[in-house]
Amino acid sequence: MNKQAFSSVVIVMTLCLVIGCANLPQIHKNTNLQRDYFAENGFGEGVAVVQHPAGEYKNGVTYLAYQGPKEDPYVAAYNHATGEWKGPYKAGVSILGKNPRGKIDSHGKPTLIIDHAGYIHIFYGSHGGVLDLHGKNALGDYHSGENKHAVSARPYDISEWVDLDNVSPFGTYNQAIKMENGDLYLFNRHGAHRSDWVYQKSTDNGRTFESPVSFLKYKARADGLGTDSWYPYVSKGVGNQIVVGFDYHFCWNRNAPRNNRGGHSTERKNLYYMTFNTDTNEWHSVDGQLLSIPLTKEEADAKALAFDTGKNWTFNGTTKVDAKGNPHISAYIGEDIGWQIGGPKNARYFRWDGSRWNGNLNNGLPIGRGDFLSSGDNVSFLLSGIDSQTKRTSVRWWESNDAGETFTQGHELLQFKDDWDDRTSNADSLRPKSLSNLDSPGSASSSFIRNAHPDARIIIAEKADGTDYRRMYLVGDNGPVVRRD
Ligand code: ZN
């Protein structure tokens with residue numbers, strides 16, 4: 001023992017004599033409180049890639065939203081300079097998730113974005129709206145819930161929320177974009193899975209929104225077997241541009257004689273891409289052809305097809321452009337093994353090089369969910385999935401230096417250490433699992449946080465057996481952001 005350590009022991013022993021030692025274990029207890037997750041009340045999926053952004057970094061703070069108990073939206077914030085966490089605060093009340101015996105819906109997970117005045121907005125709570133509550137949906141069908149919009153009572157303060165509810169109640173899968181001039185665009189599907197995809201625009205920091213405008217059209221198929229439907233991922237492009245990567249949903253009629261798989265399933269095919277010029281309100285294909293909206297399946301096939309998945313099924317990843325404006329699409333693609341959900345889907349990557357689409361179905365990426373960065377020939381995917389060796393959920397980088405043709409395993413940021421089976425089971429865990437859980441890679445992932453700090457890029461929701469609750473992690477280049485309070 002060196003001199004300094006000896007002195008410390010003497011000081012502690014002296015303190016023990018003076019104030020008693022009862023407080024000493026407390027010191028150790030505080031140390032033990034340090035944990036890798038920032039909340040353990042994530043519920044259902046908690047987060048997903050499609051409802052985005054799930055968080056935003058602004059002025060040294062990362063703001064996060066996720067689905068908590070009873071499918072209500074929760075918001076937390078992390079101050080990077082002080083290491084201090086705030087929240088989670090319940091930021092609103094969803095009409096989904098209130099039946100204790102009902103299936104967890106999870107379509108209403110919150111989307112978060114900060115406006116030019118510093119107010120934080122969340123959009124949440126809908127799986128297509130309800131005829132009895134919301135009246136006729138002119139742009140599609142119904143399922144449940146009500147799309148809601150809440151804003152922080154004060155700029156950059158997540159402790160109190162005000163309902164605005166000034167967007168269409170039918171919207172689900174909210175995706176929010178802020179342009180450089182502060183205009184907000186809210187993209188969503190205007191109803192259940194037989195509905196148009198629309199956007200609503202706000203030029204006053206979200207205090208009012210214009211009426212929904214359809215950009216992807218649902219319609220009955222000419223062969224009478226079902227309905228054309230879509231799943232897009234929307235992001236900000238260069239300058240005044242918004243870009244859309246999307247896939248086609250085969251929404252079969254219940255009596256459609258195809259593999260005995262009548263009715264809705266997660267059968268989705270192909271990858272498409274188009275751009276939206278927010279100054280002229282014109283839409284274009286990647287090679288500059290003008291598109292009419294709402295886009296039909298026929299026009300999408302003729303002008304906007306990026307990749308034909310053939311017999312494979314696909315599931316949306318993120319779509320974005322690089323500094324030159326060239327698009328990059330990620331997706332999860334796998335064989336159709338039948339029933340409702342297809343088979344396991346590996347992460348896949350496609351890029352437009354200025355004259356053609358590149359990418360392949362054998363790039364070395366695993367089954368997982370997450371997001372990616374690209375710079376020149378370097379592409380990095382951050383994915384949460386099951387590690388093939390340890391069989392545990394692992395969040396790690398996958399790296400390519402040949403423009404995404406091949407990837408190899410990179411740095412691991414987080415591996416779930418225990419099975420988290422010591423949670424007290426409650427009535428909620430008796431409910432049937434949501435369909436999406438069956439296709440899960442062992443965890444749920446958000447898209448990258450808007451303007452993410454490298455220390456805090458993505459939200460991961462840890463799935464565990466025996467409970468519908470999730471530990472929520474904020475993960476960046478140094479691993480999970482720890483919480484000590
Ligand atoms: Zn469907």
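Where is alanine 403 found? In this predicted model, alanine 403 sits in the loop between strand S27 (393-400) and strand S28 (408-415). Its phi is near 65°, a positive value in a residue other than glycine.

Serine 106, which is not a glycine either, has a phi of about 70°. You will find serine 106 in the loop between S5 and strand S6 (111-114), and at 2% relative accessibility it counts as buried. Asparagine 59, with a positive phi near 50°, belongs to the hairpin of S2 and S3, which has 2 residues between the strands. Strands S2 (residues 55-58) and S3 (residues 61-67) run antiparallel and are joined by 4 bridges; across the pairing, glutamate 56 stands opposite tyrosine 63 in S3.

Next come the cis peptide bonds. One joins glycine 87 and proline 88, with omega about 10°, and proline 88 lies in strand S5 (residues 85-90). Another joins isoleucine 293 and proline 294, with omega about 0°; here proline 294 is in the loop between strand S19 (290-291) and helix H4 (297-304).

Finally, turn to the zinc ion. Its protein donors are His193 (ND1), His249 (NE2), Cys251 (SG) and His264 (ND1), at 2.0 to 2.3 Å. The angles among the 4 donor atoms span 86 to 147°, and the site is irregular. Histidine 193, in the loop between strands S11 (184-190) and S12 (197-202), and cysteine 251, in strand S16 (residues 241-252), link distant parts of the chain, 58 residues apart. Histidine 193 is buried at 17% relative accessible area, and cysteine 251 is buried at 1% relative accessibility.

Note on methods
Residues numbered from 1 in each chain as written. Predicted model: local features only at pLDDT ≥ 70, side-chain atom pairs only at ≥ 80, totals over all residues. Heavy atoms only, no water. Donors = N, O, S within 2.8 Å, 3.2 Å for Na, K, Ca; no water. Tetrahedral: all angles 85-135°; square planar, octahedral: opposite > 155°, others 65-115°. Buried < 20%, exposed > 50% of the residue type's maximum accessible area, 1.4 Å probe, protein only. Pairing = 2+ DSSP bridges.
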